[in-house]
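Please read the following briefing alongside the sequence and the model.

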Amino acid sequence: MAQPELIVNALNISFDDVSVVNEISFSLNKGKTLAIVGESGSGKSITALAIMGLLPATAKITGEILFQETQLVNASRNVFQSIRGNNIAMIFQEPMTSLNPVFTVGEQIEEAIKLHQHKVARKTVRNRTLDAMEEVGLARDRFSAYPHEFSGGMRQRVMIAMALVCKPTILIADEPTTALDATTARQIMGLLFELKNSRGMGMLFISHNLRLVASIADDVCVMKQGVHVEHGAVEDVLQNPKHTYTKKLLSCIPTLQRQ
Ligand SMILES: Nc1ncnc2c1ncn2[C@@H]1O[C@H](COP(=O)(O)OP(=O)(O)O)[C@@H](O)[C@H]1O
Ligand SMILES: [Mg+2]
């Protein structure tokens, strides 16, 4: 079997000696989706931010985060700058706060290219931006629209375009549909899944919603208060949960049918 793209091994994160992530381990292969599921405050976002090198300096991190062969725990700014966007990209829960209201959506996608890849010709940047907009289902002629002119779902499409425009091999999606209505959430999930498949990316999908996970993930890692309580193939964990916490999460959901 191929070496996983991302390996997290015995990861610990603490703030002021208070542990928020405790001995978490998982791995992600190309083309696969790993869901991290748990209640609010269980350490999901902190784990994702550690992978991206986006935790505040007050965070103490030990253990291993390996992207291909590169160790990311306590890696330098330069290492993170070269990996972020180009190899591992992330989208967040609330698309409005991540977009700048004074720039057009097209300009912001262009910025994402310029930030991660220098020396790309202006015309190439523009063409890649328009292609990215089309790929996420936004009309090319909306390049000059401002974020406030877009619905929540369209803003999340902009964020997806910004995340994917430098062709990362891993996408971290941290509760990407929580702020959206159910219909829009389904459309955004469909888009993410389609892009993951067409590009063969690995996706780390963070959610508190097991119904979503059941329909898209290959593997699931259940977290509770910073600790890993259950981990395995999604069918096994959902159909035969071993831990009472997983059972509790499952009992909140009326039906669990893989689509
Ligand atoms: N900058 C920070 N300083 C101290 N504690 C933090 C910080 N960020 C998050 N935490 C704590 O870490 C825990 C996990 O948070 P988080 O990963 O955001 O949870 P979630 O699973 O909801 O994404 C929470 O108890 C939170 O209060
Ligand atoms: Mg979170």
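The notes below begin with conventions and then go through the structure by topic.

This is a predicted model, in which local features need pLDDT of at least 70 and side-chain atom pairs count only at pLDDT 80 or more, while totals for chains, interfaces and linings use all residues. Residues are numbered from 1 along each chain as its sequence is written, and chains are lettered from A and ligands numbered from 1 in the order in which they are written.

**Domains**

- The protein is split into domain 1 (1-87 + 169-259) and domain 2 (97-167), with bounds that come from an automatic or database domain assignment.
- The centres of domain 1 and domain 2, taken over C-alpha atoms, lie 25 Å apart.
- Across the boundary, 12 residues of domain 1 are in contact with 12 residues of domain 2, where contact requires C-beta atoms, placed from the backbone, to lie within 7 Å.
- On the side of domain 1 that touches domain 2, helix α7 (residues 182-199) gives the most, with six residues; helices (H or I, at least four residues) and strands (E, at least two) are DSSP runs, numbered from the N terminus.
- That side of domain 1 consists of eight nonpolar, four polar and no charged residues, with Ala, Val, Leu, Ile, Met, Phe, Trp, Tyr, Cys and Pro counted as nonpolar, Asp, Glu, Lys and Arg as charged, and the others, Gly among them, as polar.

**Ligand 1**

- The residues around ligand 1 include Phe 15, Val 20, Lys 44 and Pro 56, a residue being near a molecule if its C-beta atom, placed from the backbone, lies within 6 Å of it.
- Helix α1 (residues 44-52) supplies the largest share of this shell, three residues, and the shell as a whole divides into four nonpolar, six polar and one charged.

**Nonpolar core**

- The largest nonpolar core has 69 residues, and among those that touch the most other members are Ile 109, Ala 161, Ile 172 and Leu 204; such a core is a set of buried Ala, Val, Leu, Ile, Met, Phe, Trp, Tyr and Cys residues joined through C-beta atoms within 7 Å.
- Helix α6 (residues 152-164) gives the most to this core, with seven residues, and the core draws at least three residues from each of domain 1 and domain 2.
- Not counting residues up to four places away in sequence, Leu 204 touches Leu 28, Leu 34, Ile 36, Ala 48, Ile 170 and Ile 172.

**Strand pairing**

- Strand β1 (residues 6-15) pairs in the antiparallel sense with strand β2 (residues 18-28) over seven bridges, and Leu 6 stands opposite Leu 28 in β2; two strands pair if DSSP finds at least two bridges between them.
- β1 also pairs with β4 in the antiparallel sense, over eight bridges, and Ile 7 has Leu 66 of β4 as its bridge partner.

**Single residues**

- Lys 60 is found in strand β4 (residues 59-67) and is partly exposed, because 15 other C-beta atoms lie within 10 Å; a residue is buried with 20 or more such atoms, exposed with 12 or fewer, and partly exposed in between, with C-beta atoms placed from the backbone.
- Most residues other than glycine have a negative phi.
- Asp 17, in the loop between β1 and β2, has a positive phi near 65 degrees and is exposed, with 6 other C-beta atoms within 10 Å.
- Asn 74, in the loop between β5 (70-71) and α2 (77-83), has a positive phi of about 60 degrees and counts as exposed, with 11 C-beta neighbours inside 10 Å.

Key
Two residues are in contact if their C-beta atoms, placed from the backbone, lie within 7 Å.
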